[in-house]
Amino acid sequence: MSTRYDAVVIGSGAAGGTVARALKAEGRTVAMIEGGDFGGTCALRGCEPKKVLAETAHAVARIRDMQAQNGVQGAVSIHWPTLAALKQRYVDSVPPRAEASYEMSGIDLYYGRARFTGRDSVQVDGETLEASHIIIATGSRPRALNFPGADLVSTSDDFLNLKELPARIAFIGGGFISMEFSHIAAIAGAKATVAVRGERCLKRFEIDLVRQLCTATSQLGVDVLYNAPPHSIERTAGGLLLRLGPGGEQSVLADLVVHGAGRVPDLDGLDPAAAEISTQGGQLVLDEYLKTTNQRVYAAGDAAGRYQLTPTAVMEGRIVAANILRGDHRKPDYSIIPSATFTHPTLAGVGLTEEDAKAKGIAYEVKTAIGLTWSELTRLGESHGGYKAVLEPASGRLLGLHYLGEDAEEVVNVAALCMRQGLTVAQIMDMVWAYPSFGYTLRYMLG
């Protein structure tokens, strides 16, 4: 026996929830399958719990920055068990609220790992569900590591769930997870090390600002090691010995080694081949409409393998729902996607970097400054601010905006709105004066 639906959504996060609600609102019968807790990566083990930790660390670091000049006195520190308990209260509240919300929408919920059993069917906990459309929104998992002792590496989930903060933490990889978590750990009192495989970290961001951020990172007490791919890990009497470099030439002794070397779509146990869904290098093969090689099956969010950002997951979820409801007609546009790394200070960017413009052969000009002395930053004790604006010379349109400093994520969101409207610098200067903080910062960059 099997149960038939118009749509089965595998995954309960930002992408899956967006698709399921949109289809249900149009009168479709919808089932949702979740193999873990309801709520998805962002709310349970990503953005939200991370920001509980990061915003506390940012506040403490800001006070320390201000103490030398602002008259702020007294030591400040983080009591990790208290902060960890606060984070856990937020996380624990998510699954019951998510389940209740989906149920109130009329979505049928199923618990367990889904597995394809045919082109239009999946099995979960012994039940078979058939559907006109199936949506893969299973999120992502840490990329597999292949070196001796890799089983001793902890995940980002493990870091977020720490009840006590170890004294020494090493992070493998130079991406978002390693940079953000190393700042949190260092501000909270741990000795943190980041081992970067190549010659730079945070490759998505403007390289000049990344260099400035790495200077700030070092001043926080974080050691950033370059050309240091993981070689091996072994447990010793003194802790975990992480060897780095092609021959293990460098070594770091740590109490915890954290995986920050990237994430891949979580397709474990899904058996896409059973539904005639092609994969390549662990990624689903998708067309421009986010459809797999099986015309009944779409993907959205981290599982689609395009961007690992909550806003793009929501965008993809809306597009998939629209394509199911009205035929394939919408395609995702990733050209103006703001992103930020919540380090101290925050680094954010949107649009083309200077490297991008060069690689594409696009005519451009740059407005840039490093080591900003704007009062908005210096009165907070910040000394590492910088920006780079990439402009189209002929029209004056903004092609990219990248900022290292307080409220960088908000500044680039304002820039993204301007870019989506195709505004010139002159138009931006006339428009954003009304915003007393973020808009004025943007005006300083473009003026």
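Trainee: Okay, V8. What does V8 touch, skipping residues up to four places away in sequence?
Mentor: In this predicted model, V8 touches A31, I33, V122, L129, E130, A131, H133, I134 and I135.

Trainee: Which core is V8 part of?
Mentor: V8 sits in the largest nonpolar core, which has 52 residues. V8 is among those with the most contacts inside that core, along with L23, F116, L129 and I136. The largest share of this core comes from helix α8, residues 310-326, which supplies seven residues.

Trainee: And what's in the second core?
Mentor: The second core is separate and has 41 residues, including I187, A188, A192 and L347.

Trainee: Switching to E34. Where does E34 lie, and is it buried or exposed?
Mentor: E34 lies in strand β2, residues 30-34, and E34 is buried.

Trainee: Which residues of α7 are buried?
Mentor: I207, L209, V210, Q212, L213, C214, A216 and T217. Here's a handy rule: an α-helix has 3.6 residues a turn, so residues three or four places apart point the same way.

Trainee: What follows α7?
Mentor: G221 follows α7, with a positive phi near 100°.

Trainee: Which residues other than glycine have a positive phi?
Mentor: L202, with phi near 45°, and N227, with phi near 50°, are among them. Most residues other than glycine have a negative phi.

Trainee: Where are those two, and are they buried or exposed?
Mentor: L202 lies in the loop between β9 (191-195) and α7. L202 has a relative accessible area of 4%, so L202 is buried. N227 is in the loop between β10 (223-225) and β11 (230-236). N227 counts as partly exposed because its relative accessibility is 43%.

Trainee: Last one. What's up with the peptide bond from H344 to P345?
Mentor: That bond is cis, with omega near 0°. P345 is found in the loop between β19 (339-341) and β20 (347-351). In general, most peptide bonds are trans.

Note on methods. Residues numbered from 1 in each chain as written. Predicted model: local features only at pLDDT ≥ 70, side-chain atom pairs only at ≥ 80, totals over all residues. Heavy atoms only, no water. Core = buried A, V, L, I, M, F, W, Y, C linked by side-chain atoms within 4.5 Å. Buried < 20%, exposed > 50% of the residue type's maximum accessible area, 1.4 Å probe, protein only. Helix = DSSP H or I, 4+ residues; strand = E, 2+ residues; numbered from the N terminus. Contact = heavy atoms within 4.5 Å. Lys, Arg positive; Asp, Glu negative; His and termini not counted. Salt bridge = Lys/Arg side-chain N within 4 Å of Asp/Glu carboxyl O.
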